[in-house]
Amino acid sequence: MNTSYLIADLGLVDKHWRGRRAGPALLFFAAEILRVDAIFLKPGALVTHLNKAGRVSTDYAVPRPGPDAQKKVRKAWRRAGFTKLTDGVVWRVPPQDCGIAARAVLEEIQHEANTAKGRAWWLRRVNRAAAATSAAP
């Protein structure tokens, strides 16, 4: 049997972009490029932060957000058409032409991020995160 799967081990979306379908769009875009037959992941809310380079990262040693945040994340993936399997794992067969809709979502986000206002906002946010990291003992 010639089948391929996309297992999303870690997908971090910055707080600012959450709720805009960025996570599913990224997976559907990757699924189209890789031509996979199914996508599997274990969705969960994570505490994220920006590093000095402006990249989003997480620390698995810190506690995860509470049950309300976890429920919100699971609900978002259900809205994207993912079905629960077991132990929190969800899966979905990528819809036909999933890349077209995914590209539209990602292009909208990219357009917003590439405006002068968007770049200035992001730079201020990165600078605040860098200053907070530098000030920490």
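I started with Arg20 and got a relative accessibility of 29%, which counts as partly exposed. My cut-offs: buried is under 20% relative accessible area, exposed is over 50%, and partly exposed is in between, with a 1.4 Å probe and protein chains only. This is a predicted model, where local features need pLDDT of at least 70, side-chain atom pairs count only at pLDDT 80 or more, and totals for chains, interfaces and linings use all residues. I number residues from 1 along each chain as its sequence is written, and side-chain values use heavy atoms, with hydrogens and water left out.

**Salt bridges**

What does Arg20 pair with? I found a salt bridge to Glu112, with the closest N and O atoms 2.7 Å apart. Glu112 lies in helix H3 (residues 98-113) and Arg20 in the loop between strand S1 (5-8) and helix H1 (22-34), so this pair ties together parts 92 residues apart in sequence. Glu112 is also partly exposed, at 33% relative accessible area.

Helices (H or I, at least four residues) and strands (E, at least two) are DSSP runs, numbered from the N terminus. The idea behind the pairing is that side chains of opposite charge can pair when their charged atoms come close.

Arg103 and Glu32 meet in one at 2.8 Å, N to O. This pair links distant parts of the chain, with Arg103 in helix H3 and Glu32 in helix H1, 71 residues apart. I have Arg103 as partly exposed at 33%, and Glu32 as partly exposed at 24%.

Asp87 and Lys42 make another salt bridge, at 3.5 Å from N to O. Asp87 sits in the loop between strand S5 (83-84) and strand S6 (90-92), and Lys42 in the loop between strand S2 (38-41) and strand S3 (48-50), so the pair ties together parts 45 residues apart in sequence. Are these two buried or exposed? Asp87 is exposed, and so is Lys42.

**Pockets and a cavity**

On a 1 Å grid over the protein atoms alone, a cavity is a set of points where a 1.4 Å probe fits but cannot get out, while a pocket is an open set with protein on both sides within 12 Å along at least five of seven lines; lining residues have an atom within 4 Å of a point. Grid points are joined across faces, edges and corners, and a volume is the space filled by probe spheres set on the points.

The largest pocket has a volume of about 1,200 Å³. I counted 41 lining residues, with Val13, Gly23, Pro24, Val73 and Trp77 nearest its centre. Which helix gives the most to this lining? H1 does, with seven residues.

The second largest pocket holds about 420 Å³ of space. Its lining has 22 residues, and His16, Trp17, Ile109, Ala113 and Trp122 lie nearest the centre. Helix H4 (116-135) is one of its suppliers, and the largest share, six residues, comes from H4.

How many cavities of 30 Å³ or more turn up? I found one in the whole structure. The largest cavity has about 40 Å³ of space, and its lining includes Leu46, Tyr60 and Arg64.

Definitions and conventions. A salt bridge is a side-chain nitrogen of Lys or Arg within 4 Å of a carboxyl oxygen of Asp or Glu.
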